[in-house]
Amino acid sequence: KMKKLKTLILNKITGLFFLLIFCFSAISLLSRSNTDPYFGNFTTNQKINNLLGSAGSYFAGTAYTFIGISSFFIPIFFLIFGFKKIFGIRTNYVIIHLVSLIFGIIFASIAFNFWLLNGGILGDFLIKILNNEFQYLLINKFIFFLIFLCVHLIALLLLFFGLSIKYKIIKIIINPIIRILFFITKMFKLNYLLNILKTFNNITS
């Protein structure tokens with residue numbers, strides 16, 4: 001009984017701590033201002049617009065600059081796990097979920113940059129590496145699409161697992177996306193074969 005009580009108290013404290021991190025990160029990001037100081041942008045502006053002062057300014061500015069839109073996954077993670085801990089919902093392998101979220105954010109940053117959204121410095125950096133190292137492959141539309149598909153699927157799977165979203169929900173969301181993408185892949189293959197046939201006909205005629 002004492003052991004169960006200690007576990008219960010520890011879970012409540014951990015949950016409250018996670019919810020505090022959620023509140024801090026969410027308010028900081030939502031009240032972020034480009035004129036506020038953060039790591040890499042030391043401004044002489046004395047007025048800090050962030051609702052949580054210099055701490056919020058440095059956190060939000062640095063996170064948004066480095067990983068862009070993906071920074072909003074941070075408060076979502078702590079909100080989900082905070083509530084789970086407080087209400088006694090089973091949460092195993094929190095560290096593994098956190099690691100999965102980090103890698104999910106990395107892939108999401110690339111995906112956001114694909115759509116010309118803010119993937120942050122990290123997204124820009126990784127896109128440049130892909131362009132420089134695999135430029136000869138990315139010229140091929142079919143290979144480009146496959147890489148594009150893999151990046152998005154990996155990002156979704158890692159983020160869903162990181163945020164502890166149930167497998168059934170993941171399946172419901174992912175299945176139609178996979179079907180659509182496979183249909184597009186088949187269209188790409190068909191188009192590729194038609195181009196080969198046209199080229200062959202031009203050579204033989």
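A: Happy to! Let's start with α1 and α2, which are roughly perpendicular to each other. Their axes cross at roughly 80° and come within 8 Å. Keep in mind that this is a predicted model.

Q: Which residues of α1 and α2 meet there?
A: From α1 you have Phe 24, Ser 25, Ser 28 and Leu 29, and they meet Ala 55, Gly 56, Phe 59 and Ala 60 of α2.

Q: And how do the residues of that contact divide by class?
A: The contact of α1 with α2 has 5 nonpolar and 3 polar residues, with no charged ones.

Q: What about the stretch between α1 and α2, say Leu 51? Buried or exposed?
A: Leu 51 sits in the loop between α1 and α2. Its relative accessibility is 66%, and since anything over 50% is called exposed, Leu 51 counts as exposed.

Q: What does Leu 51 touch, then?
A: Leaving aside residues up to four places away in sequence, Leu 51 touches Ile 27 and Ser 31. Also, the C-alpha atoms of Leu 51 and Arg 32 are 8.3 Å apart, while the two residues are 19 apart in sequence.

Q: What share of the residues counts as buried?
A: 34% of the 205 residues count as buried. As for contacts between residues at least 6 apart in sequence, 63% of them join residues at least 24 apart.

Q: Back to helix packing. At what angle do α2 and α5 pack?
A: At about 20°, with their axes 2 Å apart. An angle under 35 degrees counts as roughly parallel, and α2 and α5 are therefore roughly parallel to each other.

Q: Who meets whom in that pair, α2 and α5?
A: Tyr 64, Thr 65, Phe 66 and Ile 67 of α2 meet Gly 120, Ile 121 and Leu 122 of α5. By class, this contact has 5 nonpolar residues, 2 polar ones and no charged ones.

Q: Switching topic: how many aromatic pairs are there in the whole structure?
A: A search of the whole structure gives 7 aromatic pairs. Take Phe 18 and Phe 78: their ring centres are 5.5 Å apart and their planes stand at 70°, so this pair is edge-to-face.

Q: Where do Phe 18 and Phe 78 lie?
A: Phe 18 is in helix α1 and Phe 78 in helix α3, so the pair ties together parts that are 60 residues apart in sequence. Phe 18 and Phe 78 are both buried.

Q: Which residues make up the aromatic cluster with Phe 18?
A: Phe 17, Phe 18, Phe 77, Phe 78 and Phe 81 form one cluster.

Q: Last topic, the largest nonpolar core. Which members touch the most others?
A: Of its 22 residues, those are Phe 73, Phe 77, Leu 101, Ile 105, Ala 108, Ile 110 and Leu 159. Helices α3, α4, α5 and α7 each supply at least two residues of this core, and the largest share, 7 residues, comes from α4.

Q: What does Phe 73 touch?
A: Not counting residues up to four places away in sequence, Phe 73 touches Leu 101, Ile 105, Ala 108, Phe 112, Leu 159 and Leu 163.

Definitions and conventions
Residues are numbered from 1 along each chain as its sequence is written. This is a predicted model: local features need pLDDT of at least 70, side-chain atom pairs count only at pLDDT 80 or more; totals for chains, interfaces and linings use all residues. Side-chain values use heavy atoms; hydrogens and water are left out. A nonpolar core is a set of buried Ala, Val, Leu, Ile, Met, Phe, Trp, Tyr and Cys residues joined through side-chain atoms within 4.5 Å. Buried means under 20% relative accessible area, exposed over 50%, partly exposed in between (1.4 Å probe, protein chains only). Helices (H or I, at least four residues) and strands (E, at least two) are DSSP runs, numbered from the N terminus. Contact means heavy atoms within 4.5 Å. Axes are lines fitted to C-alpha atoms, for helices over the stretch in contact, and angles run from 0 to 180 degrees between N-to-C directions. Angles under 35 degrees count as roughly parallel, over 145 as roughly antiparallel, 65 to 115 as roughly perpendicular and the rest as oblique. Ala, Val, Leu, Ile, Met, Phe, Trp, Tyr, Cys and Pro count as nonpolar, Asp, Glu, Lys and Arg as charged, and the others, Gly among them, as polar. Rings of Phe, Tyr and Trp (its six-membered ring) pair if their centres lie within 6.5 Å; planes under 30 degrees apart count as stacked, over 60 as edge-to-face and the rest as tilted.
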